[in-house]
Every structure is written in C-alpha cells, then in structure tokens.
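Q: Could you take me through a protein model one feature at a time? I would like the general idea before the particular case.

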Amino acid sequence: MNLSKPCYENFLLTKKYMIDVEKIPFVSNFSLDLSLEKKHVIIEKLLEAHELAFANIHAGNITKRGFAVNACSNIDLWGIGTNFNNTRNEISSICAERSAILSLYNKSLLNFMRKNDGSRFEFKVKYLCMAQAIDLNEPHISAVPCEDCLSWFNTNRYFSDDTIIFSFEKNNESGLIVKAVNLIELLPYRNLKTSNIFDKNKPVKFSNGCIEALQKYNLTRDKIVDILYKTYKNYKDIKLKNVSNQNISCSILADNKIYTEHKTDWTKRWFIDPLEFLLKESLTKNSGSISVDAIAYFGDEYSGDLMEKFDDGVISIKAIGRLRQKYATSDTLIILNLAEHIFIVTIGEFLPKKFIQGYKF
Ligand SMILES: [Zn+2]
C-alpha cells in the first residue's frame, strides 16, 4: 500500500466519471493551497451536485433549469441543495446555493445540539461546490451566483471574504477544469462601511474605473454632491415610521433627472427597496425607457438602538442586479457616503463577475 497517497475508495463518482484528479487544474486568481485529498473531495462533491442538478430537471422542475450546490461549513460538515421552484417567480423559488446553505445550516445546528458541550454555535460557509445540469463534455462556463444569492453572501455573519465557490468549466481548447473564486472577487466592496453623517465638504474619492464614466455622463463633483445631498435630505425628512429602525434613501440620475425615494417598511422584515421603486417610477414617467447614469445610496448601516445589527448595509445587491439587467451599463456610477469621504465606483467594479459572465434567461 502506498502510504503517501490518500485512500480514494470512497470517491465513487470520481471513479464513475473516470476523472483523474491529479490531471484536473484548479484555476483561481488567488493563492489556493489544496492537498490532493481535498481536491478529490471537492471534485466528488461537485459531481454529486452535478447529478442532483440533472435529477432536478428529470423530476420536472418547472424552470427546466438544473443547478445544485454542495456547501461545506467551517467544521467540514456538508449540505446539498438544488434549485426549488414552486412557480417561475422569485417569491416561491430558491436557488441551489441558498437551498444548500439552508440544508447545511440545519445539519450544523442538529450537530451542535447533539454535541451539547457548552460551546458557542459558530457557523460559517467555507466552500460552495456549484454545479449545473450541463454534460461535463460540453463546453461551458462556470456557474455564477445570481444577485439574490450574492445579497446573502454580502452579509458577514455566515460568509467571509474567503468563502470559495468551486465549479466545473470547459472550453474548446482545454479539458475540464475546476474554477475557484472567492467572495471578495465577486463582491470586492463587501466590507465597505457607509455612514449616515453627511457634510457637503467631504472629499470625493473615485475608483480607478470611474474616470471614463464621469466624462461619458458629464458628471462634475458638484453634480455628484448635489445628488447625494438630495438623497441625504430625503433621508432626514422621512415622515414614515420605519419599524426596522433602518432608514435608507436612494436617488437615481436618469435622463438628466434626479429621482429620490426612501425605503418603505411593511414589517421589520418586509419592505419596498427604494432603488427598485425609483426604477419603476422613472420608467413610468419615461414611457418604459430609461438609462440610469448614477445611483446614490444614503442610510443607516445599523439600527438606531444598536441592539439589532444590520451587517447587510444600505446598498441592495439584489436591486442593483435588477437595475443592471436592462437599465444600466457597467459604467453606471454608484455614489456612497462613507465616514471620511464620498466614494464613487462603477457598477462594473461593484459587481464585476456579472458583467464578465452574463446570466441570460
Ligand atoms: Zn441565486
């Protein structure tokens, strides 16, 4: 028996698909240090998800789309899930990533409960092995989480910058590879903290990608500060009682007009997102056709009493994802009020992966 090699008897799917793990490149833009045994585990989990994704289609999932994810926790527990669709719309559907995370969360909680050793429940998602119902021999790009899932990942409680998403990819030139991206690549600004203290004289700082966009939209510093000031005024003047204790205002600059709206709470959990509301309002006023040059967000990062923390911040990844589908370009600017300065960044930089790999329905 060769002691230098781990025992691979349990990797049944890797055998079934005749995958030689040592020959599969793991491609990433960050330093990824995985043992051969860990690579075996990742590939086996990807294959398991791959089969579940197909099973979901064969079982008659109404979207006729199959995705599945095997999620791994900080203590190496695994949970699997597939896309679950009661209807085609978002209210009664959940993606494979979130389905797997829920499965893993419940498993982890049961494990914690049974252990009952007085320790704290520490749950973090370490890996997401994401697969699609596409034959491995067909050329395909790696699966990318949608913005609804990215909204979950943009929080800090269960996810970190280092949470890794693995998926298979195959192009015409090379064979099968495993692509690895971490959350900080998909959400480079996930740790940005906004502030609700405003001062017109704060310095304005621009990301590297802004310069062309500023010229394209003819946006001066004064105009940017004016959009943010209108958003701040709306935030200050709110008459509604926000039961969530989180007040958020948003403005968009579309066709040279500034539209401003605040978040409207129905309950602590249910609300109307101001960006989505503004898009609807401006679309109605412009006969269904608009182009958004800039968005400004202003609001409370935390609740007023600080008892309940909102680590999701004021910026809705979900709403930006919807805006991006038709009414923005990668150059559309996001204007944010930070503690020390006003920060301007493009949507393309804010949600980079989605502009590289579109998500077509
Ligand atoms: Zn999703």
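Predicted model: local features only at pLDDT ≥ 70, side-chain atom pairs only at ≥ 80, totals over all residues.

Q: How many helices and strands does the protein chain have?
A: Helices (H or I, at least four residues) and strands (E, at least two) are DSSP runs, numbered from the N terminus. The protein chain has 11 helices and 16 strands.

Q: Why is the protein chain described as compact as a globular protein of its length?
A: The radius of gyration is taken over C-alpha atoms, and the globule rule is 2.2 Å times the number of residues to the power 0.38. Here the radius of gyration is 22 Å, close to the 21 Å that the rule gives for 361 residues, so the chain is as compact as a globular protein of that length. Along the principal axes, the C-alpha atoms fill a box of roughly 70 × 55 × 40 Å.

Q: What share of the residues is buried?
A: A residue is buried if 20 or more other C-beta atoms lie within 10 Å of its own, exposed if 12 or fewer, and partly exposed in between, with C-beta atoms placed from the backbone. Buried residues make up 36% of the 361 residues.

Q: Which domains does the assignment give, and what makes up the contact?
A: Domain bounds come from an automatic or database domain assignment. For this chain the assignment gives domain 1 (12–186) and domain 2 (204–356). Their C-alpha centres lie 31 Å apart. Two residues are in contact if their C-beta atoms, placed from the backbone, lie within 7 Å. By that test, 11 residues from domain 1 and nine residues from domain 2 take part. On the domain 1 side, helix α4 (residues 147–153) gives the largest share, four residues.

Q: In what order do the strands of the sheet with β1 and β3 at its edges run?
A: Two strands pair if DSSP finds at least two bridges between them. The order in this open sheet of six strands is β1-β8-β7-β6-β2-β3, with mixed pairing. The edge strands, β1 (26–28) and β3 (78–82), each pair on one side only. β2 (residues 67–73) pairs with β3 in the antiparallel sense over five bridges, and V69 stands opposite G81 in β3.

Q: Which helices pack on that sheet?
A: Axes are lines fitted to C-alpha atoms, for helices over the stretch in contact, and angles run from 0 to 180 degrees between N-to-C directions. Helix α2 (residues 36–58) packs on the sheet, and its direction makes about 45 degrees with that of β6 (125–132). Helix α3 (residues 96–115) also packs there, touching β2, β3 and β6, and its direction makes about 145 degrees with that of β3.

Q: Which residues lie on each face of β16, and are they buried or exposed?
A: In a regular strand the side chains alternate between the two faces of the sheet. In β16, I342, I344 and T346 lie on one side and F343 and V345 on the other, and all are buried.

Q: In what sense does β16 pair with β9 and with β15?
A: β9 and β16 pair in the parallel sense over three bridges, with I344 as the bridge partner of F206. β15 and β16 pair in the antiparallel sense over five bridges, and I335 stands opposite I344. These two strands, β15 and β16, form a hairpin with four residues between them.

Q: Where is L323, and which residues does L323 touch?
A: L323 is in helix α9 (residues 317–326). L323 counts as buried because it has 21 C-beta neighbours inside 10 Å. Not counting residues up to four places away in sequence, L323 touches L275, L279, V292 and A328.

Definitions and conventions
Residues numbered from 1 in each chain as written.
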